[in-house]
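Keep the viewer open as you read.

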Amino acid sequence: MNSSIRMSPLDAGQVAVGEIAPVLLPSREGNYARRAARLRELAVGHPMADYLDFVAGVVESQELLLKQRPLPSSVLAGLKASLGEEGAPLDCRRHVRHGYWLVLLRGLGETVEHPALEELLVQEDWRLEAYADSLLRGDFHEVHSGEALFVWAALSLYFGQLAAHLPAVGKARGEERQYCPVCASAPVASSVMTGAQAGLRYLQCGLCESRWHMVRLKCSNCEATGGLDYWSLGEVKAAVKAESCGECRSYLKVFYPEHERGLEVVADDLATLGLDAEVEREGFGRSGVSPFLFPG
């Protein structure tokens, strides 16, 4: 799963002033506090209030682990060497995971109470590694959906920290941008940016949370430029829309922060599953991954 955006060492040169940044790496401080607050806000009066509050608790646990058990320096030491390889430097299917991700998974169990997590924590490491391999391959049916949520939460915290510390800059060389150029995972959604990147669309990785540029009016899955439709639940200037493609029959949500300042991609994606249901009733399949909602 290659991308036309290549991650190069920082000493290869920075993005020039006025040039579109191909990749925006995640913040080292993470986005967990803001995400949890947004989930709590969205939960008020929402039909899925209990689930949104539950996920907020998981995100708060991720925030706590980031502060109390950050990525060990021994893991950071090998990051630069990964930039010499072909493809995404943290390719989630090829990357040799450090046991630290299991520390994060077990750490979730210290603050989150759930039967599926309790069942996970009595498993041997080799089985947990097998679950991780299945999820990162996209074989979601091989892991129970309740357990997948926690495994992915730990993996995302692990890969997100690696990505945040990656001493690299993106270099655009073509148009193939369906997958994350940092870890080769699928996007959760895209956003049309405000501020310095106003009007530009960036896809956000559902695993490491890096963002990468992709032009608008092009299918983020097959890159077709015709047959695109935009769906919303009643409003023309909706803050959340689904972009569907008549060529590959896929869809992915697009977020418009200009219409609602408080938008947070992962939180608002989860809170707008009604839009997913409507688009899927029209025969389209989601091309991205939802970090807190796995099939099964």
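Start at Arg 286, which is partly exposed with a relative accessible area of 22%; on this scale buried means under 20% relative accessible area, exposed over 50%, and partly exposed in between, using a 1.4 Å probe and protein chains only. Before going on, please note that this is a predicted model, in which local features need pLDDT of at least 70 and side-chain atom pairs count only at pLDDT 80 or more, while totals for chains, interfaces and linings use all residues. Residues are numbered from 1 along each chain as its sequence is written, and side-chain values use heavy atoms, with hydrogens and water left out.

What does the side chain of Arg 286 meet? Its partner is Asp 269, in a salt bridge of 3.0 Å from N to O; the term stands for a side-chain nitrogen of Lys or Arg within 4 Å of a carboxyl oxygen of Asp or Glu. This pair links distant parts of the chain, with Arg 286 in strand E10 (residues 285-286) and Asp 269 in helix H8 (residues 265-271), 17 residues apart. Helices (H or I, at least four residues) and strands (E, at least two) are DSSP runs, numbered from the N terminus. Asp 269 counts as buried, at 0% relative accessibility.

A network comes next: salt bridges that share partners join Arg 38, Glu 41, Glu 260 and Asp 268. Within it, the side chains of Arg 38 and Glu 41 meet at 3.2 Å, N to O. These two residues are 3 apart in helix H1, so about one helical turn separates them. Arg 38 is buried, with a relative accessible area of 5%. For contrast, look at the salt bridge between Glu 142 and Arg 137, also given as 3.2 Å from N to O. Here Glu 142 is partly exposed at 41% relative accessibility, and Arg 137 is partly exposed at 41% as well. By this rule the salt bridges come to 21.

Now zoom out to the domains. An automatic or database domain assignment supplies the bounds, dividing the protein into domain 1 (5-10 + 19-168) and domain 2 (178-286). Their C-alpha centres lie 21 Å apart. Counting contact as heavy atoms within 4.5 Å, 35 residues of domain 1 touch 30 residues of domain 2. Together the domains bury about 2,500 Å², with 60% of it on carbon and sulfur atoms; buried area is the accessible area (1.4 Å probe) that two parts lose on being put together, summed over both. On the domain 1 side, Leu 24, Arg 35 and Arg 38 lose the most area to domain 2, together 27% of what that side buries.

How many salt bridges does the rule find across this interface? There are 4. Arg 35 also forms a salt bridge, with Glu 209, and the closest N and O atoms of that pair are 2.7 Å apart. Among the elements that each supply at least two residues of the domain 1 side touching domain 2 are strand E1 (5-9), helix H1 (32-43) and helix H7 (145-164). By class, that side has 26 nonpolar, 4 polar and 5 charged residues; Ala, Val, Leu, Ile, Met, Phe, Trp, Tyr, Cys and Pro count as nonpolar, Asp, Glu, Lys and Arg as charged, and the others, Gly among them, as polar.
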